[in-house]
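Here is a short briefing for you to read alongside the structure.

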Amino acid sequence: MYKYKIIATIIEIRGDGKCSYGHKVGDSFEFTAVSPAGLCQFAYDSLRSAVAALLYGGQFPWMQNSEVTTWACPDPERPVIFELKRVPV
């Protein structure tokens, strides 16, 4: 059982502001022992390592507060920016 869950919330969509998958600012996804439904596979792939680190209590040395960080999907023209927030279960 994990000690944390990770909430990934879209806080910005750069470029023309439209995600090609259809995600919108404010959309939120919860990572626990299973992957969240409805999340674009490319976004999932880019978030997976960061989410795993956070789920296991990892820290990011470039962040002052590793409970909250940001990560982006790989779309070079319209990157979707996610806030990843670690929440104790």
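Two strands count as paired if DSSP finds at least two bridges between them. In this predicted model, E3 and strand E4 (residues 80–88) pair in the antiparallel sense, over 5 bridges.

- The 4 strands form an open sheet in the order E2-E1-E4-E3, and their pairing is antiparallel.
- At the edges you will find strand E2 (28–31) and strand E3 (68–72), each of which pairs on one side only.
- On average, neighbouring strands of this sheet are turned by 25° against each other, direction ignored.
- Tryptophan 71 has phenylalanine 82 in E4 as its bridge partner.

**The helix**
- Lying across strand E1 (4–13), E2, E3 and E4, helix H1 runs at about 25° to E4.
- Helix H1 spans residues 41–55, and leucine 47 is part of it.

**Leucine 47**
- Is leucine 47 buried or exposed? Its relative accessible area is 0%, and buried means under 20%, so leucine 47 is buried.
- Leaving aside residues up to four places away in sequence, leucine 47 touches Ala8, Phe31, Leu39, Trp71, Phe82 and Leu84.
- Among these contacts are Trp71 and Phe82, the two residues that are bridge partners.
- Methionine 1 is 46 residues apart from leucine 47 along the chain, and their C-alpha atoms are separated by 20 Å.

Terms used. Residues numbered from 1 in each chain as written. Predicted model: local features only at pLDDT ≥ 70, side-chain atom pairs only at ≥ 80, totals over all residues. Heavy atoms only, no water. Buried < 20%, exposed > 50% of the residue type's maximum accessible area, 1.4 Å probe, protein only. Contact = heavy atoms within 4.5 Å. Axes fitted to C-alpha atoms, helices over the stretch in contact; angles between N-to-C directions.
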